[in-house]
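Here's a quick briefing for anyone meeting this structure for the first time. Have a look at it, then read on for its charged pairs and its nonpolar cores.

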Amino acid sequence: MSHRQQALANARRIVVKVGSSLVTDNGMGLDLNAIGDWARQIAALRAQGREVILVSSGAIACGMQRLGWKKRPNAVHELQAAAAVGQMGLAQVYEGAFAQHGLNCAQVLLTHDDLSDRKRYLNARSTLTTLLGLGVTPIINENDTVVTDEIKFGDNDTLGALVANLTIADALFILTDQAGLFSADPRKDPNATLIGEARADDPGLEKMAGGAGSAIGRGGMITKVTAARRAARSGAHTVIASGRETDAILRLAAGEALGTLLVAHTQPLAARKQWLADHLQLTGAVLLDEGAVAALRQGKSLLPVGVVEVRGEFERGAAIACLSPEGEELARGLSNYTSAEARRIARHTSAEIEKILGYVNEPELIHRGNLILLG
């Protein structure tokens, strides 16, 4: 077993994503045998002391089948209606499957806003880690009943990667109806070969991963490659493999060379900062003096004394931009103070915060651990 495969065998927290074509047997209806088999494998991993989070597609596809729709609709309200119908059946089947192994499971529905808003992000993480600590298997899906074009993840591959980031998982298993990532589309190129292992940040992967998803699901191989890159930002290795392989989850968790392993080379701290750079909506900004700019470039925290101006309105914990004296975005991070508080303590030393506000949250406006340089 290679060192990188050993990393999978040592993974203690695993996110498993199963696609719509697997959950619904290519749109024929919920595949009870497949769902029951995943529950059996996850129960076996739980018995080993390992934690598993399941990201499951299938609500819309299940709803379509129950409603007798043969073609996936384009209208958002129809998709939401299908999801509402399908989510009922999906939850019931998963609950029954896990109950056969003496396990509880929990339904968690998320939207992009839940992971881009800092408070909701922390709440979601706390809920998921609490469930895992209680021995409950979280089953996550996008909240398609309320999703709109502005907030949707777009596919559950992305959702799986963001959940891996959220929970600081060790590995992400993306189970699909394909054997893995090929050097070219095997349906068109007879010389296409399976990629056994690559770096998740390899820029050449996108060229290999062209093509759309199935008629039932939204994602294609390109979304899986992108998801692997996202997951790598928190140090999670990703495997893209066929969910139709016998004991696929258990074999991957044992480190078997199955499918395509996309290896993470990012340390978790750097990954968390990458999340700050990529996934948060900025609600305000602070204009810095030259001294503060120099301090940030040296890897130091942002102190209120270096803030010349506070722009916008934001709460404590919000993501804000740090601007150079010329107004260019230099960095971004999570503010320890509200915009109103930041305006009062700007240009003052940390020792003066308590005198000005009557209390001290933190001596820094943004701690270096919650800040990332953009250039």
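**A first tour**

Let's start with Asp 247, which is partly exposed at 23% relative accessibility (buried means under 20% relative accessible area, exposed over 50%, and partly exposed in between, with a 1.4 Å probe and protein chains only). Keep in mind that this is a predicted model: local features need pLDDT of at least 70, side-chain atom pairs count only at pLDDT 80 or more, and totals for chains, interfaces and linings use all residues. Residues are numbered from 1 along each chain as its sequence is written, and side-chain values use heavy atoms, with hydrogens and water left out.

**Salt bridges**

- There are 12 salt bridges in the structure (a side-chain nitrogen of Lys or Arg within 4 Å of a carboxyl oxygen of Asp or Glu).
- Asp 247 pairs up with Arg 40 in one of them, at 2.5 Å from N to O.
- That pair ties together distant parts of the chain, 207 residues apart: Arg 40 sits in helix H3, and Asp 247 in the loop between strand S7 (237-242) and helix H11 (248-253). (Helices, H or I with at least four residues, and strands, E with at least two, are DSSP runs numbered from the N terminus.)
- Arg 40 also meets Asp 37 in a salt bridge, at 2.7 Å from N to O.
- Those two are 3 residues apart in helix H3, so about one helical turn separates them.
- Both ends are partly exposed: Asp 37 has 26% relative accessibility, and Arg 40 has a relative accessible area of 33%.
- Elsewhere, a network of salt bridges links Lys 17, Asp 157 and Lys 224.

**A buried arginine**

- Arg 46 belongs to helix H3 (residues 32-47).
- Arg 46 is buried but has no salt bridge, and the nearest side chain of opposite charge, Glu 51, is 5.2 Å away (Lys and Arg count as positive, Asp and Glu as negative; His and the chain ends are not counted).
- Beyond neighbours within four places in sequence, the contacts of Arg 46 include Leu 103, Leu 132 and Val 136 (contact means heavy atoms within 4.5 Å).

**Nonpolar cores**

- The largest nonpolar core has 40 residues, and Val 15, Leu 110, Ile 140 and Val 163 touch the most other members (a core is a set of buried Ala, Val, Leu, Ile, Met, Phe, Trp, Tyr and Cys residues joined through side-chain atoms within 4.5 Å).
- Among the elements that each supply at least two residues of this core are strand S3 (105-110) and helix H8 (156-167).
- Apart from this core lies another, of 38 residues, including Val 16 and Val 263.
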